[in-house]
Amino acid sequence: MNFYSPPPVIKAEVHVRIPDEVRCIDQDTEWRGGFTREFKHIFLEGPVADDRGNILVVDVPYGRILKIDTHKKVTICASWDGEPNGLAATPDGQLLVADYKQGILICNPATGSIKNHLTRRHLERFKGPNDLIVDSKGNLYFTDQGQTGMTDQTGKVYRLSPGGKLDVLVDNGISPNGLVLSPDEKVLFVAMTRANQVWRLPLHEDGTTTKAGIFFQSFGTAGPDGLAMDEEGNLFICHPSLGSVFVVDPSGLPKARIVSGTSGINLTNCCFGGPEHNTLYITDSLEGYVQKVEWHCKGAVAAPSLLR
């Protein structure tokens, strides 16, 4: 039930299209997404915009990180036998990678080298990591989605401390996907794709969470995917089956709806970047575009400085 009027609609514009010469045309991949539209030899997710204006995204089916520079030139930053879904910068300028096949990896963006960071818990492989973030204290939060859903509510949300302690914050997730912290880092938001929800998890001083609840409820053939936060505490919720990024305020009230600027609807992930750090970059995954919207305030987290 919603008694509020529809929010303003903002149409995104194309920032860059991944050119054909960078796409893996006619190359086989065992990866299969849950979409019905034509596969165009690419599937973008996990954008990170650095402090020099570069944007890095993953190409899930072909195990690659692509770099888009300030001149919109696209190059391959790293390539390996994997299925990467999410990226997060570390304080020392590297990139953590949530890889469905390999676990949590770490990439040196200057050299393209890939190393294992966390591939197992108690000797057991993960279901299939999807997304990850790093807080101001160096804690790594990540989702382990696998093939969970309404009939298998065993998706997990983990927190890995700088000292190596691995905590399970959620063990009953319904396809846990994107995640983001509130500006004061006291609340963790997690997209639960197959439940068409975003959960709100209060974080206590001792690192535990209680009274998790549903913050956002939607509908569609797929649910919320990537999340982002601005400095005012507004939450950006990518919804690929509805071709939208929904923006809600800290109370959950509708603030804006961003729609695709192309014929593509798979708006899967977003991040803040740009000269003033108020440009929202959005992956148009299946079409291989990065779209953008100029927002009225900055992202909650400053653009990282990456190794070069």
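In which loop is Asp 26 found? In this predicted model, local features need pLDDT of at least 70 and side-chain atom pairs count only at pLDDT 80 or more, while totals for chains, interfaces and linings use all residues. Residues are numbered from 1 along each chain as its sequence is written, and side-chain values use heavy atoms, with hydrogens and water left out.

Asp 26 sits in the loop between β2 (13-17) and β3 (44-49); strands (E, at least two residues) are DSSP runs, numbered from the N terminus. Its phi is near 70 degrees, a positive value in a residue other than glycine. With 71% relative accessibility, Asp 26 counts as exposed, a label that requires over 50% relative accessible area, whereas buried means under 20% and partly exposed lies in between (1.4 Å probe, protein chains only). Asn 196, likewise not a glycine, has a positive phi of about 55 degrees. Asn 196 belongs to the loop between β18 (187-192) and β19 (197-202) and is buried, at a relative accessible area of 9%.

Turning to the aromatic residues, rings of Phe, Tyr and Trp (its six-membered ring) are paired if their centres lie within 6.5 Å; planes under 30 degrees apart are stacked, over 60 edge-to-face and the rest tilted. The count by this rule is 10 aromatic pairs. One of them, Trp 31 with Phe 39, is tilted, at 6.3 Å centre to centre and 45 degrees between the planes. Trp 31 is buried at 14% relative accessibility, and Phe 39 is partly exposed at 25%. The pair of Phe 142 and Tyr 158 is stacked because the ring centres are 5.0 Å apart and the planes are at 25 degrees. This pair links distant parts of the chain, with Phe 142 in strand β14 (residues 140-144) and Tyr 158 in strand β15 (residues 155-160), 16 residues apart. Both Phe 142 and Tyr 158 are buried. Trp 31, Phe 39, Phe 43 and Tyr 62 make up one aromatic cluster.

A nonpolar core is a set of buried Ala, Val, Leu, Ile, Met, Phe, Trp, Tyr and Cys residues joined through side-chain atoms within 4.5 Å. The largest nonpolar core has 18 residues, of which Leu 56, Ile 65, Trp 80, Leu 87, Leu 95, Val 97 and Cys 107 touch the most other members. Two or more residues of this core come from each of β4 (55-59), β6 (74-79), β7 (84-89), β8 (95-99) and β9 (103-108). Apart from this core lies another, of 16 residues, including Cys 270, Phe 272, Leu 280 and Trp 295.

Terms used: Helices (H or I, at least four residues) and strands (E, at least two) are DSSP runs, numbered from the N terminus.
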